[in-house]
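Here are my notes on the model, point by point. Please read them with the coordinates open.

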Amino acid sequence: MAKATGLSPASVSYALRGMQVSEETIERVRRVAAELGYEADPIARALASGRTGMIGLLCGSLEDLWQQALAVGIGRALKDNDRYALILDAAGDPVRERTLARQLRDQRVDALIVQPVDPAAALWAELCESLPVVSIGDGLAGARTAGEVVFDNRAGVTLALEHLRDRGHRRVAVLTPTRASTPDRPADVHVLAEAGRLGLDIDVVTAPQALTAATRVADAMLAGGHRAFFCFADSIAYGVYAASAERGLRIPLDVSVMGYDDHPMSGLLTPGLTTVDWDIDGIVRAAVRTVVAAADGNTRRRRIVQAPELRERGSVG
């Protein structure tokens, strides 16, 4: 490799690891490596550098379609940066989340990206002492993270509830994946505060992000007379669509529904789901840029706040 590129062995080594040389040199070395069919031994590289090249990605629940899309985007973007994602699913369970987070640390991933189920868990402060951690969605209370890509949940909740209020709704069922064990999630806190300000009668109910379970919860709420829904995941909103159809209720003539993350499927429904867009591509870019820098030893902490945008499509009558 050194002879083919005209560089020193040290420069080739640095270029293959993407460090201490120019982007032009990195591209030149990788192009020659591809032409020669050269592949670095990952075990040897890990021993030499003290890094595994693995980034942990701990998702809150991969039953949620938006989180699936997020995992795909992050996995591919990490590969483009010569890293590999080790993707795990907390299944919406804070106990499972803590167990998996510790396992990722013990497997010596270079850094961790987490979309937390329980952002207030005491574990995060401990974990951040030994591992660069980047959180998505919510900040981690009391933890010195390497970075955060957080949602402006106050603005997002306000957009959703004002949209429902402006169309005459006063009683709203809020379906959230939050469990009783994680009552302090910022988005849920903002719902209660904004409901009081707007004069809305709010019923907050836990609903899993799996379609069958979300449909069952939505059906119970429809049976109780609810006709306006704000769902903290588009995947949950799809359950409201399914339950409404089973009862012969029409959206938006009989039932109004709002989502919260603008999954691509939401624009294909009839009618399309009105939802809140958080710019998933921007989240992927920001999270990967931050975690790669942290894994490379950059100690500058980054905090990116994602602003919401209302996607009005016709599901609110």
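1. Burial and surface. Of the 317 residues in the protein, 48% are buried (under 20% relative accessible area; exposed is over 50%, partly exposed in between; 1.4 Å probe, protein chains only). The exposed surface comes to about 14,500 Å², and carbon and sulfur atoms supply 50% of it (Shrake-Rupley method, 1.4 Å probe; for residues, only the protein chains shown count as cover).

2. Basis. This is a predicted model, where local features need pLDDT of at least 70 and side-chain atom pairs count only at pLDDT 80 or more, while totals for chains, interfaces and linings use all residues. Residues are numbered from 1 along each chain as its sequence is written, and side-chain values use heavy atoms, with hydrogens and water left out.

3. Overall build. The protein has 12 helices and 12 strands (DSSP runs numbered from the N terminus: helices are H or I, at least four residues; strands are E, at least two). Its C-alpha trace spans about 75 × 40 × 30 Å along the principal axes. Take the contacts between residues at least 6 apart in sequence: 68% join residues at least 24 apart (contact means heavy atoms within 4.5 Å).

4. Charge. There are 36 positive and 40 negative side chains, and the centres of the two sets lie 3 Å apart. Lys and Arg count as positive, Asp and Glu as negative; His and the chain ends are not counted. Each charge is placed at NZ of Lys, CZ of Arg, CG of Asp or CD of Glu.

5. Strand 6. Residues 171-176 form this strand, and 5 of its 6 residues are buried. Strand 6 runs parallel to strand 7 (residues 201-206), with 6 bridges between them (strands pair if DSSP finds at least two bridges). Arg 171 stands opposite Asp 201 there. Strand 6 also runs parallel to strand 8 (residues 228-231), through 3 bridges. Leu 175 has Cys 231 of strand 8 as its bridge partner.

6. Helix 9. Buried or exposed: which is Leu 192, and which is Glu 194? Leu 192, in helix 9 (residues 186-198), is exposed because its relative accessible area is 54%. Its C-alpha lies 10.0 Å from that of Val 174, 18 residues away along the chain. Glu 194 belongs to helix 9 too, but counts as buried because its relative accessible area is 6%. The side chains of Glu 194 and Thr 158 make a polar contact of 2.7 Å (N or O atoms within 3.5 Å; within protein, one must be able to donate a hydrogen and the other to accept it, and residues adjacent in sequence count only if both atoms are side-chain atoms). Beyond four places in sequence, Glu 194 touches Val 157, Thr 158 and Leu 161.

7. Thr 274. This residue sits in the loop between strand 9 (256-258) and strand 10 (275-277). Its relative accessibility is 0%, so Thr 274 is buried. Its side chain reaches the backbone nitrogen of Gly 314 at 3.2 Å. Contacts of Thr 274 beyond four places in sequence include His 163, Val 257 and Leu 310.

8. Backbone points to check. Most residues other than glycine have a negative phi, and most peptide bonds are trans. The bond from Ile 251 to Pro 252 is cis, with omega about 10 degrees. The bond from Thr 270 to Pro 271 is cis as well, with omega near -10 degrees. Arg 108 has a positive phi, near 60 degrees, and is exposed at 64%. Asp 279 has a positive phi of about 60 degrees and is partly exposed at 36%.
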